[in-house]
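Here is a brisk tour for a first look. Start with the confidence scores, then turn to the helices.

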Amino acid sequence: MIHFVRDNMAPLMFAGLVVFMLIGYPAAFSLAAVGLFFAFFGIQYGLIGSDFLGNLTYQLYGIISNDLLLAIPFFTFMGAILERCGLAEDLLDSIGQLFGPVRGGLSYAVIFVGAILGAITGTVAASVIAMGVISVPVMMKYGYSTRHTMGVIAASGTITQLIPPSLVLVVLADQLGRSVGDMYAGAIGPSIIQVALFCAWVAIVSVVWPKDVPALPLEARTLSGWPLLRKSMRGIIPSLGLIFLVLGTIFLGLATPTEAGAMGAVGSLALAAFNRTLTRPLVYQGMATTMRITAMVVYILIGARTFSLVFQGVGGKVWIETMLTSLPGGTVGFLVFVNIFVFVIAFFLDFFEIAFIIIPLLAPAADKLGIDLIWFGVLICANIQTSFMHPPFGFALFYLRSIAPPSVKTSDIYWGAIPWVFLQVILVVILIFWPQSVTYWIDHTKSVNPDLKIDIPQLDSPLPPLDFSDPPARK
Amino acid sequence: MDALLRFTRAIDSMNERFGVIATWLVLLACLLSAGNAAVRYGINEFLVLGQDFAFLHALTTGIGWYGNHANAFLEAQWYMFTGMVLLGGPYTLKVNEHVRVDLFYGMVSERTRTWIDLIGTILFLLPICVILIYFTWPWFLESWRIGEQSSNAGGLTRWPVKLLLPVGFALMALQGVSELIKRCAALTGRYRLEYAYEKPLQ
């Protein structure tokens, strides 16, 4: 029995992770508890030294002094302000009028506005809520089918995940030890493909089920000519300004992603002031939400680090690596397996839990197989995007439920989402078999960022003197 | 039991205050970080201009001073981040917004949930807080004893941020005790839980 436990510590610990998490106590503490529990056995059986947990202090210090993680509060704050500042209203109203005469025009408008909002902010909630509040009543009024309306809004809201400056990509870059700039560059191609896929689907719907997506009737097109153009500009110019402030400064190398997030947040405050929606309660609410989300996410990271420290200590890394690298089918087999795994696990875990727990387990194996980690990260990002959409646990669907009128049935929201989940799966398949769609946009003249994951402790030797003074500068 | 509930109210209001501090740190960190980026980018233009215009002298002096302390400002960003997380974490626990895997939790009755929270606090939250305090406290003491400075020129003193770690976990442990008492009181019908579990926004 003792031999069995000692020899299979890593698999047992993984099983323990599943059991502890399923109990339903906050994930941060469950994760840490799995770590502690198995550290106790590990020390008992001599798998790890008795002072092993002392490594935790370095892990903690690595978390709090990590510049990239600072992007989490900044982008969240920006999203919280944008959600309520009236930018989405302006955009949807004008672009809706612009595309209105076409069949499915409002759907295209939602997709484009989703993409624009996605290029400004990095959080899904902001897009889905802002667009849902405005578009649902309009689309229903002009005879769009409920299911299509729900699907297109939820899906367009989640594009934010993939389009730079996505928060998901920042966190994935950190976990994979790659530069955020490259990660963003890699996501450009897939974002374009995704928008194209969505538009293609709307076009198909408008041919096959024209009644679902009627063109706007003449009396609904209140604006035309100059006034319409002016109104469009009112929405588009500030958006372009914000996009430059955030994305432009990153790509030009003027600011780190973290600073760009901060500038974006300040920019959205300015925009809210310009729109006369900047009030003290709005700002305070935004700050409070941001603080709670940041604390929650970083606590999960603390728990995840405790878990993975011990997991690696008892040989989990080797176990996972041999298991994953010996999958049949080589690289493609690995990718297919990993994507199906992430797709399924995304039903139960939210994005941050996947990024902090699952990704560190997968990344070394991917690296060993010679897979470009940028490509891998973007792929995982596109995949995780579905987790916001799949019924019944997708966050985007929750947001939509919370703002949709009571006449909309929950089952309509679920059924409406399904075609769009398929579109996202198609995107993942395209990315697997056509890696150039990701790598094409990455500037290969730049030297590869040498600072691999800064916080893997060298577990073979006892307590190495890690230098955590300051992480090397990142782009 | 009444004395215990009074005790929880004291803890709750204390952590609420720390939560307010953490909340303001969001805005402060944001402004500081945006300011850092803006100044760093604009710094050379100003210095060149300053040579030609005497009235800009004060400004260039100011920028020179900033330049000497730039690392302090950069480090202040993540000090604030640390504050956000460690001072805000306990408040987040109080309002029940630490995310859960609610596959099972979402299906069971209110009473079972209270039991899960009760046992989870004793077996998961409190031990991990104790362990983390145990490891981080001597670390802070050492930093305090040697007056550890940042390794960057003009950086900040290190002990305050190292102090935040054990303090944050102690506050979390206290909030855990408060939640524990409230759950016990709720099970015996002497207290109504204020924050029912709902899916967090993200």
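## Confidence and helix packing

Chain B has a mean pLDDT of 85, and 88% of its residues reach 70 or more. This is a predicted model. Its scores are ipTM 0.91 and pTM 0.83.

Where pLDDT is low, the predicted coordinates should not be read in detail.

Now to chain A. Helix H6 (residues 87-99) of chain A has 13 residues. At 1.5 Å a residue, H6(A) should span 18 Å, and its end C-alpha atoms are 18 Å apart, so the two agree. Which residues of H6(A) are buried? They are Leu87(A), Ala88(A), Asp90(A), Leu91(A), Leu92(A), Ser94(A), Ile95(A), Gly96(A) and Gln97(A). These buried residues pack against helices H5 (71-84), H7 (105-120), H8 (124-141), H12 (225-251) and H13 (257-274) of chain A.

Further along is a helix pair. The axes of helix H16 (residues 330-345) of chain A and helix H17 (residues 351-368) of chain A come within 12 Å and cross at roughly 175°. An angle over 145 degrees counts as roughly antiparallel, so H16(A) is roughly antiparallel to H17(A). H16(A) makes the contact with Phe334(A), Val338(A), Phe341(A), Val342(A) and Ile345(A). H17(A) contributes Ile354(A), Ile358(A), Leu362(A), Ala365(A) and Ala366(A). By class, the contact of H16(A) with H17(A) has 10 nonpolar residues, no polar and no charged ones.

How values were computed. Residues numbered from 1 in each chain as written. Chains lettered and ligands numbered in written order. Predicted model: local features only at pLDDT ≥ 70, side-chain atom pairs only at ≥ 80, totals over all residues. Heavy atoms only, no water. pLDDT = per-residue confidence, 0-100. Helix = DSSP H or I, 4+ residues; strand = E, 2+ residues; numbered from the N terminus. Expected span 1.5 Å × (residues − 1). Buried < 20%, exposed > 50% of the residue type's maximum accessible area, 1.4 Å probe, protein only. Contact = heavy atoms within 4.5 Å. Axes fitted to C-alpha atoms, helices over the stretch in contact; angles between N-to-C directions. Parallel < 35°, antiparallel > 145°, perpendicular 65-115°, else oblique. Nonpolar A, V, L, I, M, F, W, Y, C, P; charged D, E, K, R; others polar.
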